Amino acid sequence: MSGVWMFNKNGVMRLVENPYNQSSGDSSDSTSSGGSQQQRMRRKILLHLPTSEVVSSYGSLERILKGLGWERYYYGDNADHLLQFHKKTSIDLISLPRDFSKFNSIHMYDIVVKNPNVFHVRDM
């Protein structure tokens, strides 16, 4: 079972199996943010603020992170399917899927939180 949980105006939650098949004129569905489903489903990008560079590969991300003092972390049970970075000055660890096509907004926000004022997540 897959889909999106939606809130009706009366606060009751229901599962919408395929939100793109719903008619856009249905006013019974409303989300707490008030935005349309399509806006929430937009692809996200990770932006490096000092250079305005969009991170489009792990090579560019690794170069930026190294400049910020992050180092590759090769230890642990997940080393074969994760790319990991750590900073000697903190206990933080950034864990990313080895396949860049699986890099998503959750990973982007993790990077943003651990590097304040350096990265920003934006809608594409």
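Three strands form an open sheet in the order β4-β3-β8, with antiparallel pairing; two strands count as paired if DSSP finds at least two bridges between them. Helices (H or I, at least four residues) and strands (E, at least two) are DSSP runs, numbered from the N terminus. β4 (53-54) and β8 stand at the edges with a single partner strand each, so one side of each has no neighbour in the sheet. The structure is a predicted model, in which local features need pLDDT of at least 70 and side-chain atom pairs count only at pLDDT 80 or more, while totals for chains, interfaces and linings use all residues. Residues are numbered from 1 along each chain as its sequence is written, and side-chain values use heavy atoms, leaving out hydrogens and water.

Strands of a sheet pair through backbone hydrogen bonds, either parallel or antiparallel. Here, strand β3 (residues 44-48) and β4 pair in the antiparallel sense over two bridges. The bridge partner of Leu 47 is Val 54 in β4. Helix α3 packs on this sheet and touches β3 and β8, its direction making about 25 degrees with that of β3. Contact means heavy atoms within 4.5 Å. Axes are lines fitted to C-alpha atoms, for helices over the stretch in contact, and angles run from 0 to 180 degrees between N-to-C directions.

Within α3, the residues His 107, Met 108, Ile 111 and Lys 114 are buried. Buried means under 20% relative accessible area, exposed over 50%, and partly exposed in between (1.4 Å probe, protein chains only). Seen down the axis of α3, the buried residues fall within an arc of 135 degrees, so they line one face of the helix; the arc is that of the directions from the helix axis to the C-beta atoms. An α-helix has 3.6 residues a turn, so residues three or four places apart point the same way. On the other side of α3, Ile 106 and Val 113 are exposed. The cover over the buried residues of α3 includes β3, α2, β5 (70-72), β7 and β8.

The largest nonpolar core has 17 residues, and Ile 111 and Phe 119 are among those with the most contacts inside it. Such a core is a set of buried Ala, Val, Leu, Ile, Met, Phe, Trp, Tyr and Cys residues joined through side-chain atoms within 4.5 Å. α2 (58-67), β6 (82-87), β7 (93-97), α3 and β8 each supply at least two residues of this core. With four residues, α2 gives the most.
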